[in-house]
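These are my notebook entries on a single structure. I record what I looked up, entry by entry.

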Amino acid sequence: IMRYYSIVLILLCCYCCQSGNDRLHNIKKAFQGFEKVISNVDSIPETLPGENNISVITVPDDITSKILDFSFIVDSTYYTKLSTSPASLIGDIDKILFIEERIIIVEWQRRQSVLLFNRNGTFITKIGIQGNGPGEYLNIRDVAIDKTNAQIVLLDDFGRKLLFYDLDGKLLSFKRLFYYPVGFFIFDNGAFLFYQARDVNIHIPSSCNFSLLFALPDQEIISKSLPYNYLEKYPMNKMGSLHSFNVCNKVALYNPIFTNLIYEIKEFNRIEARYSINIGSKDIVKAFNIGTTTNDIPKLLNTGKFYFFEGESVSTENFLYFRVKLGGDCFYSKNTGNLYCGNAFRLSLDRADIISFYSPITSDGDFFVSVIWPYKLLKNPPRKQLNNELKLLIDSLKEEDNPILFFYSLKSI
């Protein structure tokens, strides 16, 4: 039986058939006018991560036989139904952001859509217009929030610019970029952290092999961090991951692929190696060698002998969630060091406020946030007793409705 395994290959198709010289020529042409700014990047220093506060989290070898008692660890819960209208239809969710009384739903893989709701789920507007104009975007690659200036910021990688909107979705301004990032995070001081793929920005040779760049609010890059040099051990493996760079609350989490380290970035120009996920002898990376190719990874996973930590993680104020591929879901208490994990879950009958377990995709304060799709819920309705509020919610659903956001905090375990 072939097991489902999600691999994301970071491929820039427009460059794949070009020689190195052609690529460099075309990229320099795309960023014509930025030559002086680009030359200044050659002299920026490298920010080294701190490594004195690493928490080692050991995943049990028998995690696949463990059952996560979800009812026991959950403290408070609440639900927000996102309203449904022709203008607000959601096909998938790639990212959820929260700022003040706003919820931002980002869908950039299948559809180019950024939708704005208020906290009770009422639709406000769609953000941005797709097009080639100065205030329009060609391709949404990521979205971040600037809490200090109360702004929503879109990254248009094809258009090579950032677009700034107010909390009502009105365009305020845009700024041109002189390189291609694939993700970003905005600090409280308005400065930026950019995540870049390996060897894409070859017009900046001194920095193109670094995964993270720190930039001031005016986009001046002042430092770089975490080089991709370690990937030289696997020259035939070109796999990338959508889960390497995660933003939640006031922190960015970064996991260099094929490592089990999670770096935490809370402050500008400072990185801390914060968590080390110990999978033991079942770690798939231990089976890699210099000849391992991208296609070998699903073959290894399909043997059932290995686990793989691909960077999928969410942080709240007191907990870290992470998922081990083919292993299970894990919740780690930052305060006590306890780990609760399992490949299946259990719900007690007395928790009438919980529909089911859903893996979180982001967080809001000390609440994890999961997505419940009505068409899935109606096809497999809960068999346990629910409170009146949830009964009314489910009775009102239609399969084509927008999803429900499930917020839950955990007990001090």
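**Entry: Gln109**

Leaving aside its neighbours within four places in sequence, with which residues is Gln109 in contact? I found contacts with Asp94 and Leu242 under that condition. I note here that the model is predicted. I located Gln109 in the loop between strand 5 (102-107) and strand 6 (113-118). The contact with Asp94 includes a polar one: the two side chains meet at 2.8 Å. I also looked up the pair Gln109 and Ile93, whose C-alpha atoms lie 8.9 Å apart in space at a sequence separation of 16 residues.

**Entry: Asp364 and its sheet**

I next turned to Asp364, which belongs to strand 25. Is Asp364 buried or exposed? Its relative accessible area is 18%, and I therefore recorded Asp364 as buried, the limit being under 20%. The side chain of Asp364 forms a polar contact of 2.7 Å with the side chain of Arg119. With neighbours within four places in sequence left aside, the contacts of Asp364 are Tyr78, Phe98, Arg119, Asn249, Val369 and Phe407.

I then followed strand 25 into its sheet. This sheet is open and antiparallel, and its four strands come in the order 3-27-26-25. Strand 3 and strand 25 (362-364) each have a single partner strand, so one side of each lacks a neighbour in the sheet. On average, neighbouring strands here are turned by 30 degrees against each other, direction ignored. I looked up the pairing of strand 3 with strand 27 and found six bridges in the antiparallel sense. Across from Val74 I found Leu410, which is in strand 27.

**Entry: helix 6**

Which residues of helix 6 (residues 388-395) are buried? I listed Leu390, Leu393 and Ile394. Viewed down the helix axis, the buried residues of helix 6 fall within an arc of 95 degrees, so I describe them as lining one face. On the face turned away from the buried side I found the exposed residues Asn388, Leu392 and Asp395. The buried residues of helix 6 pack against strand 3 (74-81), helix 5 (374-379) and strand 27 (404-410). Strand 3 and strand 27 are the pair joined by six bridges in the previous entry.

I looked up a second open sheet, with five strands in the order 1-19-18-17-16 and mixed pairing. Strand 1 (55-58) and strand 16 (245-248) are its edge strands, each pairing on one side only. Neighbouring strands of this sheet are turned by 20 degrees against each other on average, direction ignored. Within the sheet, strand 17 (residues 251-254) runs antiparallel to strand 18 (residues 261-265), and three bridges join the two. Tyr254 has Tyr263 of strand 18 opposite.

How many of the residues of strand 22 (residues 328-333) are buried? The count is six of its six residues. I then went through the partners of strand 22 in turn. Strand 21 (residues 319-324) is antiparallel to strand 22 and is joined to strand 22 by six bridges. In that pairing, Phe319 has Ser333 as its bridge partner in strand 22. Three residues lie between the strands of this hairpin, in which Leu326 takes a positive phi near 65 degrees.

Towards strand 23 (residues 339-342), strand 22 makes four bridges, and the two run antiparallel. I found Tyr340 of strand 23 opposite Phe331. The hairpin of strand 22 and strand 23 has five residues between the strands, and Gly337 there takes a positive phi near 80 degrees.

**Entry: cysteines**

How many disulfides does the model contain, taking sulfur atoms within 2.5 Å as the criterion? The count is zero. For Cys330, the closest cysteine sulfur is that of Cys341 at 4.6 Å, which is too far for a bond. Cys330 has 0% relative accessibility and therefore counts as buried.

How values were computed: Residues numbered from 1 in each chain as written. Predicted model: local features only at pLDDT ≥ 70, side-chain atom pairs only at ≥ 80, totals over all residues. Heavy atoms only, no water. Buried < 20%, exposed > 50% of the residue type's maximum accessible area, 1.4 Å probe, protein only. Arc of directions from axis to C-beta. Contact = heavy atoms within 4.5 Å. Disulfide = S-S within 2.5 Å. Pairing = 2+ DSSP bridges. Axes fitted to C-alpha atoms, helices over the stretch in contact; angles between N-to-C directions. Polar contact = N/O pair within 3.5 Å; in protein donor to acceptor, adjacent residues only side chain to side chain.
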